[in-house]
Amino acid sequence: MLVMIAENDGLHRTFARRTVEQLWPGDVEVIEAGDGEDAINLATEREPPHVVLDLQLPKATGIEVARAIWSRRAGTHILFWSNFADEAYVRGVARIVPPGSVYGYVLKSATEEGMRSALRGVFREGHCIIDREIRGIQHRVQDRFEGITDGEYESLIDIALGLTDRAIAARRGLSIRGAQSRIKHVYDKLGIVPPEEGAGEASVFNSRTRAIYLAMARGLINIDALRREQEQLDAWLAQAAPLQQQ
């Protein structure tokens, strides 16, 4: 049984190794990576069928590592292990999981027995094991009234990246009115009243920057998500520039 642990914190990496080796004494080989690039390279070289993966890794995030692993071997069982229950991470994982894949998402605040149960469930029993707090976020994402849809999430990201309504419309293939309608839905779900529609407190805030703050506070977006999205935006701008010059 080959298990890769990708974790940049030495204490957490030691704990994960010890837990895995205690679960399957004499029947497991553990390989370790301290950052995302090493994890991708090691996974490419060894093709471990079981991976414990921190979501916050230097050089490449856990989401990027998982995408690279699953693109080569969709049957790999991955246990995401994180300090964070941000909705940005939950969405990020949901967007890359191949159909039918086995994975887990457990928080580092879980007890040692909780970690053992997650490892057994994902690696040996082939079950998807999701922390209760994470499952609650998944349900919120799917709620049609409270949850931010994928389209609205794209608009929220574009606002955070500083794009104008016109640029958002062009990037997402919408009319300007369509882009503004999505942004309005984001404001509604975040409880933001645009200044032109309210008085008092509504006139104090800039709606766009207020949306960014509330989204960060709720964990809808974080720096890892914004960094990935900026890379995608740079690629889109590079493609759009020649068209604008024609």
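Student: In this predicted model, are Phe-80 and Tyr-105 buried or exposed?
Tutor: The criterion is relative accessible area, and under 20% counts as buried. By that cut-off, Phe-80 and Tyr-105 are both classed as buried.

Student: How many aromatic pairs does a search of the whole structure find?
Tutor: Two rings pair if their centres lie within 6.5 Å. With that limit, the number of aromatic pairs found in the whole structure is six.

Student: What is the geometry of the pair formed by the rings of Phe-80 and Tyr-103?
Tutor: The ring centres of Phe-80 and Tyr-103 are 6.3 Å apart. Their planes stand at 75°, so the pair is classed as edge-to-face.

Student: How many residues apart in sequence are the parts that Phe-80 and Tyr-103 tie together?
Tutor: Phe-80 belongs to strand β4 (residues 77-82), and Tyr-103 to strand β5 (residues 103-107). Phe-80 and Tyr-103 are buried. The pair therefore ties together parts whose separation in sequence, in residues, is 23.

Student: Which class describes the aromatic pair of Phe-80 and Tyr-105?
Tutor: The rings of Phe-80 and Tyr-105 are 6.5 Å apart, centre to centre. The angle between their planes is 40°, and the pair is tilted.

Student: Which strands hold Phe-80 and Tyr-105?
Tutor: The pair ties together parts that are 25 residues apart in sequence, because its two members lie in separate strands. Phe-80 is in strand β4, and Tyr-105 is in strand β5.

Student: Which residues are linked into a cluster by ring pairs?
Tutor: Phe-80 pairs with Tyr-103, and Phe-80 also pairs with Tyr-105. The cluster linked by ring pairs comprises Trp-70, Phe-80, Tyr-103 and Tyr-105.

Student: Which strands are the edge strands of the open sheet?
Tutor: The sheet has six strands with parallel pairing, in the order β2-β1-β3-β4-β5-β6. An edge strand pairs on one side only, and this holds for β2 (29-33) and β6 (129-130).

Student: Which residue in β2 is the bridge partner of Ile-5?
Tutor: Strand β1 (residues 2-6) pairs with β2 in the parallel sense over five bridges. In β2, the bridge partner of Ile-5 is Glu-32.

Student: What distance separates the side chains of Arg-13 and Glu-32 in their polar contact?
Tutor: Arg-13 is located in helix α1 (residues 10-23). Among the residues that Arg-13 touches are Ile-5 and Glu-32. The side chains of Arg-13 and Glu-32 are joined by a polar contact of 3.1 Å.

How values were computed: Residues numbered from 1 in each chain as written. Predicted model: local features only at pLDDT ≥ 70, side-chain atom pairs only at ≥ 80, totals over all residues. Heavy atoms only, no water. Helix = DSSP H or I, 4+ residues; strand = E, 2+ residues; numbered from the N terminus. Polar contact = N/O pair within 3.5 Å; in protein donor to acceptor, adjacent residues only side chain to side chain. Contact = heavy atoms within 4.5 Å. Phe/Tyr/Trp six-rings, centres within 6.5 Å; stacked < 30°, edge-to-face > 60°. Buried < 20%, exposed > 50% of the residue type's maximum accessible area, 1.4 Å probe, protein only. Pairing = 2+ DSSP bridges. Lists of a residue's contacts leave out its neighbours within four places in sequence.
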